[in-house]
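User: I'm new to this protein and would like to learn how to read its features. Could you take me through it step by step?

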Amino acid sequence: NQFDLVIHNGYVVTASDILPPSVYIGLKDGVIDQISARPLTGKRVIDAEGGYVMPGGVDSHVHLSQKNTPAGDTIESGTRSATPGGTTTVIPFAVQASKDDFDVVSVVEDYHKVADGQAYCDYGFHLIVSNPNEEMLSEQLPQLVEKEGITSVKVYTTYPRYKLSDEQLLDILLSNRKMGVTTMIHAENSDIIDFIGKKLEEKKMIDPYYHSVSRPLVAEDEATYRVISLSKMIDVPILIVHMSSETALSTVREAQTSLVPIFAETCPQYLFLTADYLKHDCHHHVHKNDSFQGAKYICSPPLRQTVKELEGVWKAIQNGTVTVFSSDHAPTVYDHPLGKKAGLVNGVPHYKKVPNGLPGIETRMPLLFCKGVESGRITPQKFVELCCSNPAKMYGLGDRKGSISVGMDADLVIWYPKGKLQPFSLDNSMLHHGIDYSPFEGMEFSNWPRYTILRGNVVWDRDNGGLIASKGVGKYLKRGKSSLGGPIKELDEILA
Ligand code: DUC
Ligand code: ZN
Ligand code: ZN
Ligand code: ZN
């Protein structure tokens, strides 16, 4: 019984267990065929040398080839940057970019055309809804669920073009409840942001740094409380994306304690970066002499002010409030007239004109591995739960992605044994995305994915060839419904 690939001599980690290095994993025809206490033989054998063997990462929040982001990463360049960072599945967004475009079925078809044959890892699509009308909710969305396996939508409480009213949010929450669709919500109070924005404008406080001032914690706190209230009313699960506030996370935890199905996502930028990166007079060596470089760190919600605030997010990771750790990879090229430099008009910087978002697909797992697992803040199992298993289950991929179990896709990451890799400082030239910087440049890494395996094939071998997959190996994933909990009560008869 010859396997295509056998992996042994590594600590095999799932969200619940760590198996000893004596275990052998036999891969065949793209799936995990056997997990054995006795030796297995294969056409190829990888000795993990005592490193961790983990499921391939699932990055369930990335923006690739998005129509409204011309200087961003494409499906090709974004997924090229996925497997070298341990991620084997991504879920980017198809966008209802115009409020009048209710034909979201053709919107998704267009995204398929752009993605076909381009991906280096497996992918699905979420749908961003900017205007839910009755007909779209009752006709187009059910088609996307049934035919395309698009079982999640993202909605916004901010940005003029995307922002939904509370009534619109209730409409889509109810519709999603009836279809078993997961709702991702960007929660920031847009009136607070507009109000402060006007004051800053009057005072000519418009440098990149003021982006963070214009979007205070209270904007996230209020909107989080509000969307949880709306979710309670409908009794439907929601996942609040890219959370950055300890107070908002406490509100999530209270809701979870009272058994309301609220899920929270956070991202590396809210654990590792503070707002001083936005200032041109800070002392990070990466900023050199360009006073506009703070624009590289503009994202929403913004980087928070103090390390104490980052600690609040760490607490929510450690105590189980956070369900999903994603990158929110939403980059634009810095030195490009439609990228970050769009915020420099005739040499004058204006934060409002800077596209929001950071690159981070490739650094998501190495950052949390080095600064979470190796530093002892979280267990290896917690890491797998946040980066692999929970995002797979949340978005209807739990039967094939995010764990190491017989019958599941053979997507695996093998890390270096502790101490084997000489710690190094990150440089953008080490990354595989299409972006001319990383916000994490200059940070020290003590580990990195040594091998990444996608459906049984080694696609990343750091020491022998690097990225060895060709584009097009990634396949579209029709997803099922979330297995992470749903409504807890009968639907109110007024809503039925
Ligand atoms: N929200 C995201 O999810 N990504 C980038 C910017 C934003 O506001
Ligand atoms: Zn968002
Ligand atoms: Zn700096
Ligand atoms: Zn995003």
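User: Which residues does K154 touch, leaving out those up to four places away in sequence?

Analyst: This is a predicted model, and in it K154 touches F93, H126, I128, M184 and H186. K154 sits in strand β13, which covers residues 152–156. An unreviewed UniProt entry lists K154 as a modified residue, N6-carboxylysine.

User: Is K154 buried or exposed?

Analyst: The idea is to count neighbours: 20 or more C-beta atoms within 10 Å make a residue buried. K154 counts as buried because it has 20 C-beta neighbours inside 10 Å.

User: What about the nonpolar core: which residues touch the most other members?

Analyst: In soluble globular proteins, nonpolar side chains tend to be buried together. Here the largest nonpolar core has 118 residues, and L127 and I240 touch the most other members. Helix α12 (residues 380–394) gives this core its largest share, seven residues. A second, separate core has 15 residues, including Y297, C299, L303 and L358.

User: How do I read a helix such as α10, and which of its residues are buried?

Analyst: Start with burial, then look down the axis. In α10, L310, V313, A316 and I317 are buried. Those buried residues fall within an arc of 110°, so they line one face of the helix. The face turned away from the buried side carries the exposed residues V307, K308 and E311.

User: What covers the buried residues of α10?

Analyst: The cover includes α8 (246–257), β16 (262–266), α9 (269–272), β17 (322–325) and α12. Just after α10, G320 takes a positive phi of about 90°.

Technical notes
Residues numbered from 1 in each chain as written. Chains lettered and ligands numbered in written order. Predicted model: local features only at pLDDT ≥ 70, side-chain atom pairs only at ≥ 80, totals over all residues. Core = buried A, V, L, I, M, F, W, Y, C linked by C-beta atoms within 7 Å. Buried ≥ 20, exposed ≤ 12 C-beta atoms within 10 Å, placed from the backbone. Helix = DSSP H or I, 4+ residues; strand = E, 2+ residues; numbered from the N terminus. UniProt positions renumbered as here; feature names shortened; annotations may be inferred. Contact = placed C-beta atoms within 7 Å. Arc of directions from axis to C-beta.
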